[in-house]
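These are my notebook entries on one structure. I record what I looked up and what I found.

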Amino acid sequence: MNLRFHWMLPKAGEVSLNGPQTPREASLYRLASTRDGSPAPRPDVAGWTHFGKSAEVAGIDSLLVSFSRYEPDPILVSAALGQTTTKLKFIAAYRSGLMKPTTFVQQINTVSAFMPGRLALNIVAGSSTAEQRGYGDYLAHDERYARAEEFLEVCHSFWRENGDVNFDGKYYRVEQGKLHTPLFAGASQIPEIYISGHSEQAEQLALSKGTCLLRVADTVENLKPAVARVRERGIEVCLRMCVISRPSRAEAIEVAESLLPQDDMGQYERSVAVKNDSQMYREASEAEAKWLSPLLWKGFVRYYGPVWTTLVGSFDDVADALLEYKEIGVTQFIMSGWPELDEVRTFGSEVVPRVRRAETRL
Amino acid sequence: MSLRFHWMLPKGGEVGMKTAQETSRVLTTKSTSKASLPDMEGWLRFSHCAEDAGIESVLMSFSRYEPDTLVIASALGQLTKKLKFIVAYRTGFMQPATFVQQVNTLSGLIDGRVALNIVAGSSTAEQRGYGDFLDHDERYARADEFLEICHAFWRNNGEVIFKGDYFQVESGQLSTPFMAPDRNAPEIYVSGHSMQAERLAQRQGSCWLRLIDTPENLEPLVMRHRQNGIEMCLRLCVICRPTRDEAWSAARALLPDDDTEKQERKILNSSDSQTLKQALAKADEVGWLNENLWAGLVPFYGSSAITLVGTPVELARAFLEYKAVGITQFIISGWPKLEEMVIFGREVIPLVRSAERGAGVRFLKHYEI
């Protein structure tokens, strides 16, 4: 099976004629997107549609639409962009504690009916305690996972469509639940469900209720045992990473270096990362080494957070690295780059064809 | 101010249905009904006709038998330009912060063309299927807290802090604001006939939405609400034909078979909603509420089927009478779903508008003679 490449939906306002032009401007725009006055919280259908069409051309499978209090709602953004694109899929991120599972299924099924087979989910158990409380959620990290387990259990019961749904758990109770709008998932009966997180609970949740474990990229050696373990249990592994690919490795490294904070820049972002009680963020703030391998760079991670782990290299380098991940069992990737539009076009015209040629030979 | 006319968005498949009987509630709540499926083609056709007819908004109803309203508005709003959406939602199903994030997102996706119809709940059975086990009165207490928090987010001045019986929020922040050319928060229609519904409308809403009744019966209620600064909107159906006889025979043609009647009565009787009980009583006791207002369809099409039946002039006059007692808005439906709206836009709205421009009710009385 061919590798599947997904991309992050850029923040609102990033993709427009007057938007950030250089990698540095784009990365600063991204970093400032949680601050007051950023245009990022305001939906940008025109810019997103422009990006979505470019992603379709580039051979990108889906766009991940992220969830946070700093951004528009991903379910509704997916519903809107599904109308302005034709082929592209959307992976809508959602936190499981913020609505009743019945309501969630009704929304997801409705979106899927507008764009059959084009909606997947990235279920997240929670975020920082402060952000969760702003949504009215007061559970601790481990309990959030227990609740997510029940949440998805109820969702799966609705998707099985096998009579009324009855559930009596610790966090949810449903009596004779019925929803008439079915899921339009294409060939499968449930949507693809990506579970992200680095904790043991996240892996357990992915295994019991998901179709794919989503985690931040690491070296092939470090990932090998975890990937094998998860694949054996029948679910896929998807890596989240950034990519900087240029004609030569030296050019790529130069771009990467240009994105590093100068002086006290990055302090604000770092304080956000440290406050977080997620395992993934804790690991990231402890990371010191810059290069995990000749191509995998963590230079940004201690400032900006774990998802800034970046694959840096020439077109050939990047294609080879992706194929190495394929060998140990990774099947999907969710990428970002700076600026997103330029990087997705480069990736589509230079990297994807190299990967596909190699896949045909294999 | 001119009267504002809204219309019910037909359920999935209804735009193409040939007979009114197919749209009876018994049939649209069957699991095989097309009502559960989004009908983009039909809705688009309907929406464009609504824009042409001078209809301001379409109301999307919420139930377990239909697709999600917030999602429909997000998708349909991409393909329409002017039409607004009144999105019905029940308050117990998500955290208020999540709801505000969704509503604000929707406003940004469709240029602020969104209003809300907040409903505290429905039948006990349906609520439990959503995981809601509160009783009628408690659902209203929760709805009050829910909207209190929503308003705090919409005021957008600092972090939201709230500690109530049903919700708790600590340092709530949402970056995506409500975005509309002329508002910082959506209009909120609160519907329901119980005292609790009326109180909720007064405390947290901008408009009380209720079923139509005669102008005389409504007058004292309207006064009470308008004094407190909120509007009143009536839900009704219309059947408009060139002559009274034609209108009446079109109305009679909508009556369904006995079997459907029995099932619909069962639904109405099992509900704990005041609105449904009152509407059914009206249908059974009186039938005609006045010379144009007919409750005869309620047992078959649900409580919102109290119908104004008449000629264009009779209907225009009726709307102006409601305006005279202080009603400002209407949410209408009719049969066939599309054609009745087109007739209304062509025949009734122009008469209302010309009367509003100066001629008044008396003009219409002369017109008839």
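In which loop of chain A does Pro339(A) lie? I place Pro339(A) in the loop between strand E12 (332-336) and helix H14 (340-361) of chain A. For these names I take helices (H or I, at least four residues) and strands (E, at least two) as DSSP runs, numbered from the N terminus.

**Basis.** I note that this is a predicted model, in which local features need pLDDT of at least 70 and side-chain atom pairs count only at pLDDT 80 or more, while totals for chains, interfaces and linings use all residues. Residues are numbered from 1 along each chain as its sequence is written, and chains are lettered from A and ligands numbered from 1 in the order in which they are written.

**Cis peptide bonds.** I recall that most residues other than glycine have a negative phi, and most peptide bonds are trans. In chain B, the bond from Trp335(B) to Pro336(B) is cis, and its omega is near -15 degrees. Pro336(B) sits in the loop between strand E12 (329-333) and helix H14 (337-368) of chain B.

**Positive phi.** Asn156(B), a residue other than glycine, has a positive phi near 55 degrees. I located Asn156(B) in the loop between H6 and strand E5 (160-163) of chain B. For burial I count other C-beta atoms, placed from the backbone, within 10 Å of a residue's own: 20 or more is buried, 12 or fewer exposed, and in between partly exposed. Asn156(B) has 14 such neighbours and therefore counts as partly exposed. Ser171(B) also has a positive phi, near 45 degrees, and lies in strand E6 (residues 168-172) of chain B. Ser171(B) is exposed because 12 other C-beta atoms lie within 10 Å.

**Chain A overall.** I counted 14 helices and twelve strands in chain A. The C-alpha trace spans about 60 × 45 × 45 Å along its principal axes. The radius of gyration, taken over C-alpha atoms, is compared with a globule rule of 2.2 Å times the number of residues to the power 0.38. For 362 residues a compact globule would have a value near 21 Å, and the 20 Å of chain A agrees. Buried residues make up 54% of the 362 residues. I take two residues as in contact if their C-beta atoms, placed from the backbone, lie within 7 Å. Of the contacts in chain A with a separation of 6 or more, 74% join residues 24 or more positions apart.

**Hairpin in chain A.** Strand E5 (residues 165-168) of chain A and E6(A) form a hairpin with four residues between them. Their pairing is antiparallel over three bridges; at least two DSSP bridges are required for strands to pair. Asp168(A) has Arg173(A) in E6(A) as its bridge partner.

**Chain A against chain B.** The contact takes 44 residues from chain A and 45 residues from chain B. Helix H3 (74-84), helix H4 (101-114), helix H5 (129-134) and strand E6 (173-177) of chain A each supply at least two residues of the side of chain A that touches chain B.

**Helix packing in chain B.** How are H6(B) and H7(B) oriented to each other? Helix H6 (residues 136-155) and helix H7 (residues 195-204) of chain B pack at about 10 degrees, with their axes 10 Å apart. They are therefore roughly parallel. Axes are lines fitted to C-alpha atoms, for helices over the stretch in contact, and angles run from 0 to 180 degrees between N-to-C directions. Angles under 35 degrees count as roughly parallel.

Key
Parallel < 35°, antiparallel > 145°, perpendicular 65-115°, else oblique.
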